Amino acid sequence: MRTKNKEKRETQRHYRTCNLCEAMCGLEIEYSGQDIIAIRGDKNDPFSQGHICPKATALEDIYRDPDRLKLPVRRTETGWQQMSWEEAFSEVVAGIQAVQAKHGNNAVGVYQGNPNVHNMGAMIYSPPFVRSLRTKNRFSATSADQLPHHFAADLMFGHPQLLPIPDVDRTHYMLMLGANPLASNGSIMTAPGIKKRLQGIQKRGGKIVVIDPRRTETAVLADEHHFIKPGADALFLLALLHTIHAEGLDNPGELASQMDGLSVIQDIVADFSPESVADKTGIPAEAVKQIARDFCASKTAVCYGRMGVSTQEFGGLCQWLVNVINLVTGNMDSPGGAMFPAPAIDVITVLGGNRPGKQRFNRWQSAVRKLPEFGGELPVSGLAEEILTEGPAQIKSMVTIAGNPVLSSPNGRQLDEAFENLDFMVSIDIYINETTRHANIILPPTTGLETEHYDLVFHNLAVRNSSKYSEALFEPVEGAKHDWEIFQELRFRFENNHDTNRQRNKLDLPRRLPPRKIIDLGLRFGPYGAKGINQKKLQTNGQQGLTVQRLINSKHGIDLGPHKPMFNVRLMTENGRIQLAPQLLVEDLERLNSKFSKTPKEPLTLIGRRHLRSNNSWMHNSPRLTKGKNRCTLLISPKDADKHQLEDGMMTVVNSRVGHVQLPVEVSDEMMPGVVSIPHGWGHNRKGTQLQVAEKHAGVSINDLTDEMTMDVLTGNAAFSGVPVWLSIPE
Ligand SMILES: Nc1nc2c(c(=O)[nH]1)N[C@H]1C(S)=C(S)[C@@H](COP(=O)(O)OP(=O)(O)OC[C@H]3O[C@@H](n4cnc5c(=O)[nH]c(N)nc54)[C@H](O)[C@@H]3O)O[C@H]1N2
Ligand SMILES: Nc1nc2c(c(=O)[nH]1)N[C@H]1C(S)=C(S)[C@@H](COP(=O)(O)OP(=O)(O)OC[C@H]3O[C@@H](n4cnc5c(=O)[nH]c(N)nc54)[C@H](O)[C@@H]3O)O[C@H]1N2
Ligand code: SF4
Ligand SMILES: [Mo]
């Protein structure tokens, strides 16, 4: 019956950008009334050219998900109870204010998770809301992810958002560490259809080299793969630089005259010969030398390091050294190397981020472990102890916004326990999951197909400039609210309750305007707008006059051309020069030396992994993404399996300093001997969650093993890679 009806009804097509991961794929959604007929890649999207992955079709699952909340709920002794928005807002404000009145403003903590950066409502309206809480206890997934990238960029280029992006479409040699774009679809490298783009390097006669403790999907595609011991990448990068300098291969080109600290680097790397670090990295000296020679001999080359080298004990050093390699070989800010995008909404310029010399690090510290703030946030590795440690500075109340830190932060069990001990908790989230089950009130926003979208973040990380505006496809259910409306309402109430004679910022656009208007202004004043700031300097390929309306009319988005050299406009350091050897980073080498001067006890070490059909912790309630065989397994090399008398499919217990989990073993020679892997984002078996599908494919959480005390103490980033673990027999 249903099909027949469908045939009769006219189908329509809706075009939008997928906002689930960083790739920004253009979608073509065929629909009829409220029915989705098909979700396909939009072949006419100039950037993604029809690429799509299985997660995009799950947008329908999220839209239809009976577990997804549409209206606010309150936790009661007899279960969750729906409530009106007015009741919810009043109770949230009263609950938080009661805590702040008794214990001070900092007694409220905030955690913002990953989907915030994929939603324009959250990007524009959550910062003023968070400010209205007047707390210094702000946390986010940044310190479990890319913080070291921002840290290095800030110290070297003068702004945390000046992140160099590999120019995959023009490079001839790509050296990739700790990234698996064939599963993740690329990160800090927005590049829809990354597989084709990587194959493009090979078609140009170029080469891809992967450094990873696991022979990943990307490593299989690459021309060369080397296993590395988890956490030893800084040594590998130093040895590369050693060879580059020792063999006279350094060639910074035109940038040489703009660099400070080149001789410091040359002095430092003298101590790190490939021979001296080979045992520690597991990569033979000759291989390191060959990589250095090939890299330097290539017409263009780029070194790129992501998650695996960011979320480890020396994440800051790794991201610094990756930049240094590109700089000293003349592969920074030039085609085929690492480049800086010129997005249509130039977040750095428009929002006035250009303040050379502004300090963004260590302005305050966490109360318990004195961990340093960066960019206004404290390290999430220290969140649980701030709640659990009694004292005047204790966090008594939490607001979580689009985050699931119980599954995503190191030692998640401890955080689980901490949330249980709060006086009051609010979550702005679409699900009752491992984290939000602790909330007193959950405020659910609209999401996915019900929302308008403009990507404020990922154009800034893209391998090519483009711009696109997506309208909402479906009306939300009656009474539902968009995230920006929730933030707006809460902000006004908190501001009104604090003293009101605080000077109001005249340019406070979020106070007065809806998102579409703000995006429109951002475009008009952006480099491609009629009133463009920095227009001439950023060389905008003649594109001008961008507005939201023009983007809507274009349907598929507008291409704005490849990247152009940008340092002359973009460098924001205090003296206007590139800082090759910032003191904080140079000094951190001592910590590296000290760690590797001890012979490790050689237990097994643990790393994570991603799968194309997962998205961190929150898409396992989609039936089509979770079907098939269990993906939450312990990958182990045949050698280690033998040693432990384990065979494929057998259960084992993995133990670490902080906890243990039990899961099936998957034996594979894709693992480096001595290293085991568990994917993150699983463990959906906690009491009181409301995730019918995910609960059936629960798996276990790797973050019940990762350690909040092991971190990159320089930047404050969590260290997920290289956790010492041991195996035992299930009881
Ligand atoms: N061991 C290990 N741990 C890791 C990682 C790893 O590789 N290994 N990866 C780390 C990384 S890179 C990251 S980014 C973090 C992610 O850490 P988190 O951001 O804490 O975790 P997510 O699983 O992304 O949780 C997203 C939450 O947002 C909710 N949500 C989804 N869509 C919306 C929406 O539109 N609006 C709102 N308000 N809520 C929404 C979901 O229900 C879920 O609760 O995890 C980190 N943790
Ligand atoms: N399908 C899917 N896509 C996603 C996500 C998802 O959960 N699922 N998450 C999104 C998010 S939030 C992010 S941040 C990005 C991350 O995107 P990527 O950075 O590409 O992340 P991963 O796929 O986790 O790749 C990290 C790689 O580092 C390796 N590794 C681990 N430890 C080390 C080490 O010490 N040294 C070296 N050299 N390598 C190491 C791992 O084996 C793994 O292959 O992906 C995004 N896209
Ligand atoms: S690759 Fe990312 S952006 Fe593209 S369809 Fe898949 S989830 Fe969406
Ligand atoms: Mo992430």
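In this predicted model, a backbone N or O atom of N114 sits 2.6 Å from an oxygen atom of ligand 1, a polar contact being a pair of N or O atoms within 3.5 Å. S617 reaches in with its side chain: one of its polar atoms there lies 2.5 Å from an oxygen atom of ligand 1. I428 makes its approach through the backbone, with a polar atom 3.2 Å from a nitrogen atom of the ligand. On its own, ligand 1 has 930 Å² of accessible area, and the protein covers 97% of that (Shrake-Rupley method, 1.4 Å probe).

Altogether, 29 residues surround ligand 1, and Y111, N114, S408, D429 and S617 are the closest; to count as near, a residue needs a heavy atom within 4 Å. The shell splits into 14 nonpolar, 12 polar and 3 charged residues, with Gly put among the polar ones and Tyr and Cys among the nonpolar ones. Domain 1 (73–143 + 373–450 + 477–498) and domain 3 (601–728) each supply at least three residues of this shell, the bounds coming from an automatic or database domain assignment.

Elsewhere, 4 strands make an open parallel sheet in the order 11-10-9-13 (strands are DSSP runs of E, at least two residues, numbered from the N terminus; pairing takes at least two bridges). Strand 11 (224–226) and strand 13 (302–305) are the edges. Strand 9 (residues 173–177) pairs with strand 13 over 4 bridges, and M174 stands opposite V302.

Residues count from 1 along each chain, while chains are lettered from A and ligands numbered from 1, as written. Local features need pLDDT of at least 70 and side-chain atom pairs 80 or more, whereas totals for chains, interfaces and linings use all residues; side-chain values use heavy atoms, without hydrogens or water.

Key: Polar contact = N/O pair within 3.5 Å; in protein donor to acceptor, adjacent residues only side chain to side chain.
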